[in-house]
Amino acid sequence: MPLPELKFDRTKCAECQATSCLVKCQYMDFKDKDKAKKEWQKVINSEDSSVLEACTTCYACEEYCPFGNHPFYMIVERQEEKGILPAPRPIVTMWINQCQPVGRFMVGKVEERALSYCFLPHFNTLVKGKLFDGIAWSVIFGQEFFCNAVYLHYAKASVIKDRLPKIVENIKNQGIKELVCLHDECYGTFTSLTSAYGIDTPFKPIHYYEYLYGRLKELKDLIKPLNIKAAYQRNCSARLCPETDHYVDDIFGLLGVERVKREYDRENALCCAEVLRMARGPVLADDVQKRNIDDMVRFGAEYCVFNCPACWDSLAHKVAKQGIKPIHMIDLCKLAIGEEQALRLPELVAEV
Amino acid sequence: MTTTSALYDSLVKIVGKDFVSDQKEERYFYARDGGLMPPHEPDFVVMPKTTEEVQEIVKLANREKVPIVPKGAGLALTGLVIPQLGGIVLDMNRMDRILEVNEKAGYVVVEGGTTHGALKSYLQKHHPNLRHSIPDSPPIATIVANAVIHGQGRLSQQHGFNSDMVSSLEVVLPTGELCRIGSCSVSSYWFSKGPPLPDLSGLFLGWFGTTGIITKLGLKLYPCKKMRDVMLFLTDKAELVPDIMLRLSHTEMVEDVVVSAQPLPLRFRGTFWIMAYITGDSDEELEFKRKMVWDALWEYFESRDVGLLSTSPEMKAPLMSMPSKDLTRFADVSKGGGFQYAGPITPIEKFPAFIRKLEEVATKYNVFYASTARLIDAGHCMMFSFSFSFNRANSDEMARAKKALDECSKFALEEGGVLWKADIYEQRLLMDKMDPNTLVLMKKIKQLLDPNGIMNPGNWEVK
Ligand SMILES: Cc1cc2nc3c(=O)[nH]c(=O)nc-3n(C[C@H](O)[C@H](O)[C@H](O)COP(=O)(O)OP(=O)(O)OC[C@H]3O[C@@H](n4cnc5c(N)ncnc54)[C@H](O)[C@@H]3O)c2cc1C
Ligand code: SF4
Ligand code: SF4
């Protein structure tokens, strides 16, 4: 079967005045719009472009493009075409092998409405308590259901195109009608990637923020306002579904949490930088992490609220060192309804 | 020769009846180890508690010309504790005391059956600033036996073989005399196994219990920093591994370098996992060392041949554990408790050739393989394990694993490696290749120390 092709509308770019995809990029200097436009044309036309080498795969231009034209997916396509490696080859090999479907279906007692744990064991710890009453057992996890969006970081659109249709099929075959995605990467895949590649999605993806918000409203009598100031850590894959960001404000509103207005939030957010470490090494990654955390401190955050477990892994202990309490969004909701934080600080300084 | 029952009575007189057995169950158990060597039953299993008891037992055995085989945890896996000619297996497990820690001179004195696990917990509790070089064998492995077979551990990159860290010995000679080796022979301090005296420790280390029974051992301890971390690098080019190891070692910042390769689980396939362990007393120290490590490999990172794998705490935990949990898990991957490896000590430049051979042999004999290489002594050599796991209930699989191991050992020897903790078959290969004058010297030493040939017969036997 031929692989699905990216639906990219060149005419939109031709008409686009701002070239926001490149102008807003935090890792390249394209303040000059004309320069940006020229360079972007090179990308589209499959010519050599500095963009392909310089892109850190932060995903953000997916959000910057006001026309939903998938500039980042285009970059990934072009990187792969030209054999450009955003990350070292063995890392890419490891990822490709690690997530390869092998016919091991890790499922709970799946019902029409199910939770997707993606490939993240953290959710075994997080999914507990009243928030998940009536659904906790309806779970899918692992390679057979893994969205594969991670290969966007590795210039391997071909792996996504190859595996994703089967993944969608696997989910459908479980009889799932509504999939509550606990990771933005999955939600973004089933809302943005599938449509960009013309892959039919025969179930309804629901972002877990929407789910939590709904549950909290049902449990509102239990909510005791937390009255805290929190920095929100936006993750790379949130760029695939920026339309869900309002739920952060909605949930914080219900819980009595102030989302501190800081420099690196919302469209200007900085990612956790661990992918940057793998791709570019420690200097850029350390710089991004430091700017991000300093910013949280500067704006008086008491908590740092995480959406993505991978961000948690790379940043939780670092924010804690600066006196900020790390907490996952699910745990934050639990705190407000009188339950305990389940995902705790990783013990990185292991036994000697 | 005295009758078996008279010998039994004599042994009971020495250690008490609870600590001697000639029963079928014990003889069955002590006839084998977890590896592939065929079993052979002892006549007696004896568990001494004191040096004096060991002396008495050895004197008795020497008088009666009964073979005697000292045994720790039996985890060397190459049949070194299988009593090839029957006789007595001397289980050292009751001699498990930690006798002294000298913080300022940095050594510990332990008895002949003290385990690595026990010493680790003892130091953590009582001397948290000190540590020893822990091997990745299960924690019941004994310190003395590990030194006797020239084991390697978590500090071997910096300080050499675990036997290089021995700092004095007390030995019961095969004729029953008690002998002190190293500084403890002239001083109350156990800080040196040889220098400035003639280094006699070589008469016992590496001899697999064929020249005496070590009843006490001094072991060097090293600083235990407050923090420890592992940096995990991946490459898909075997030919780069030696240089990567050397570059890491060159930083003089890395305490342990381990390279692993295995085809399953899938995430390991096609890449070599290089673990560089660093320690520090502060974040700044750790950060500085991280930077040095990065700098050392930067050229390969830029060429995209080497990458750093970001690791979640879940992933890190088994890598940080001592002994490594991953290794112990692999040891039972085929379910059925069979695991053995040939671990030649070899120049690190041999890594690519050894990996190729391992893959070739595993395919040829259809066995599940893994390899772990550990850098020793700043790159002077490495231990490269050709590891195979098998189901003990599957005799065909066991036979294939044995063939695979034998072929790997032969290959390693041809390539200039020296077989580590060699089984009887491998000892023969080694001796066939050895300088004849060296062999004569070994034979003279053995005859001098053990005139009746009672100590672990079959091992290091020069024909
Ligand atoms: C999963 C696994 C991982 C391993 N990893 C490592 C590793 O990282 N590093 C490493 O070095 N080894 C490793 N090993 C090999 C081995 O387990 C260790 O070297 C272990 O320390 C051997 O100790 P033992 O008590 O089991 O020795 P045993 O097998 O009981 O004895 C080994 C030899 O010492 C002799 N001996 C025992 N006690 C005395 C004594 N008191 N006086 C004189 N001779 C004596 C015995 O006769 C025998 O010849 C590993 C093994 C396994 C199964
Ligand atoms: S990708 Fe979007 S932002 Fe970029 S040039 Fe095209 S339309 Fe404009
Ligand atoms: S993915 Fe990030 S780094 Fe790459 S072009 Fe888009 S915004 Fe820039």
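Modeller: Accessible areas here come from the Shrake-Rupley method with a 1.4 Å probe, and for residues only the protein chains shown count as cover. This is a predicted model, in which local features need pLDDT of at least 70 and side-chain atom pairs count only at pLDDT 80 or more, while totals for chains, interfaces and linings use all residues. Residues are numbered from 1 along each chain as its sequence is written, chains are lettered from A in the order in which they are written, and side-chain values use heavy atoms, with hydrogens and water left out.

Colleague: What share of the accessible surface of chain A belongs to carbon and sulfur atoms?

Modeller: The accessible surface of chain A amounts to about 14000 Å². Of that area, the part belonging to carbon and sulfur atoms is 52%.

Colleague: What percentage of the residues in chain A is buried?

Modeller: Buried means under 20% relative accessible area, exposed over 50%, and partly exposed in between, with a 1.4 Å probe and protein chains only. Among the 352 residues of chain A, the buried ones make up 59%.

Colleague: Which three residues supply more than any other three of the area that chain B buries against chain A?

Modeller: In this pair, 37 residues of chain B are in contact (heavy atoms within 4.5 Å) with 31 residues of chain A. The buried area, meaning the accessible area (1.4 Å probe) that two parts lose on being put together, summed over both, is about 2700 Å² between these chains, with 62% from carbon and sulfur atoms. The three residues in question supply 23% of what chain B buries there, and they are B:Leu266, B:Arg304 and B:Pro313.

Colleague: Is B:Val361 buried or exposed?

Modeller: B:Val361 sits in helix α11, residues 351-365 of chain B, where helices are DSSP runs of H or I with at least four residues, numbered from the N terminus. Leaving aside residues up to four places away in sequence, B:Val361 touches B:Phe388, B:Ala404, B:Glu407 and B:Cys408. Since its relative accessibility is 0%, B:Val361 counts as buried.

Colleague: How far apart in space are B:Gly453 and B:Lys289?

Modeller: B:Gly453 lies in the segment after α14 (436-449) of chain B, and at 33% relative accessibility it counts as partly exposed. B:Gly453 and B:Lys289 are 164 residues apart in sequence, and their C-alpha to C-alpha distance is 52 Å.

Terms used:
Helices (H or I, at least four residues) and strands (E, at least two) are DSSP runs, numbered from the N terminus.
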